[in-house]
Amino acid sequence: MSGVTAPERRYVITFGCPDRTGIIARISGFLAEHGGWIVEAAYHTDPDTGWFFTRQVVRADSLPFDADELRARFGEVAAELSAESSWQVSDTGERRRAVILVSKAGHCLYDLLGRVASGELDVDVAAVIGNHDSLADITRAHGIPFHHVPFPAGGKEAAFEQVRKLVDEHDPHAVVLARFMQILPADLCREWAGRAINIHHSFLPSFIGAKPYHQAHTRGVKLVGATCHYVTADLDAGPIIEQDVIRVGHGDSVEDMVRKGRDIEKVTLARGLRWHLENRVLVHGNRTVVF
């Protein structure tokens, strides 16, 4: 489209290390030495862990080298500050890719596909994989491949192996469990660590098992919420990216609560995915810093 200016290409540095004096000066000094033009900077120190976190955004055209060279050079700074593996450099010129896993509930998928189609969520959805085929038509209507992988009793291991192959061939930046009602095996949790993102209602652990909204309605809860988090082998207990709530009242039926719950799930998942794709989320242990 004529008249549309392409977004400025930037390099995003996310970094964590043991806190000490001089960290900001060392990082900013390194960038200034090479002409790096910082356009965004955020910092946080966690007094409980003694850990320092930062996110720096630099204009790509201000540096005399590309992202690979920046990684190589910045690696020396990271080693000097004992960052170990708690740092990365991403390039906004590289398109982000996501694969979405679904079951039957379509509210999160519909929402994400709409945001992608409108340009609100800047990511290429490489594929949607479902253990049911009920969401195949809407996926293909958006021009995205849909893969149906059944999960028969006694055949889950083979099914997950097929899912693994389908996901890994796209090497996605995010694997989104958009109400995917299967528990990822531990090996996939490890392989996709820091990339697999899940969404679930916030009734856990208070209302466990079937019909949580019915349980919550009986208890008379006043808030319905959702939690977006990274997937780990510890079920529904991975590092939290985002949470939100919406009020419910005594006049709301179970169906009203379910509808409101779905609304908040959609918003919370989209927000968490956006922050992940923009490299705004730093994980330390089972906690996150979101810049």
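Aromatic rings of Phe, Tyr and Trp are taken as a pair if their centres lie within 6.5 Å. In this predicted model, 6 aromatic pairs were found, and F15, F30, F74 and W87 form one aromatic cluster.

Within this cluster, F30 and F74 pair edge-to-face, with a centre-to-centre distance of 5.6 Å and 65 degrees between the ring planes. The pair joins distant parts of the chain, since F30 belongs to helix α1 and F74 to helix α2, 44 residues apart. Both F30 and F74 are buried. For Y43 and F52, the ring centres are 6.3 Å apart and the planes lie at 35 degrees, so this pair is tilted.

The packing of the two helices was examined next. Two packed helices are described by the angle between their axes and by the distance between those axes. Helix α1 (residues 23-33) packs with helix α2 (residues 67-80) at an angle of about 155 degrees, and the axes are 11 Å apart. Because angles over 145 degrees count as roughly antiparallel, α1 is roughly antiparallel to α2. The crossing of α1 past α2 is right-handed. On the α1 side, the contact is made by R26, I27 and F30, which meet L70, R73, F74, V77 and E80 of α2. By class, the residues of this contact comprise 5 nonpolar, no polar and 3 charged. The residues of the contact thus include F30 and F74, the two partners of the edge-to-face pair.

Note on methods. Residues are numbered from 1 along each chain as its sequence is written. This is a predicted model: local features need pLDDT of at least 70, side-chain atom pairs count only at pLDDT 80 or more; totals for chains, interfaces and linings use all residues. Side-chain values use heavy atoms; hydrogens and water are left out. Axes are lines fitted to C-alpha atoms, for helices over the stretch in contact, and angles run from 0 to 180 degrees between N-to-C directions. Helices (H or I, at least four residues) and strands (E, at least two) are DSSP runs, numbered from the N terminus. Angles under 35 degrees count as roughly parallel, over 145 as roughly antiparallel, 65 to 115 as roughly perpendicular and the rest as oblique. A crossing is left-handed if the near helix is turned anticlockwise from the far one by less than a right angle, and right-handed if clockwise. Contact means heavy atoms within 4.5 Å. Ala, Val, Leu, Ile, Met, Phe, Trp, Tyr, Cys and Pro count as nonpolar, Asp, Glu, Lys and Arg as charged, and the others, Gly among them, as polar. Rings of Phe, Tyr and Trp (its six-membered ring) pair if their centres lie within 6.5 Å; planes under 30 degrees apart count as stacked, over 60 as edge-to-face and the rest as tilted. Buried means under 20% relative accessible area, exposed over 50%, partly exposed in between (1.4 Å probe, protein chains only).
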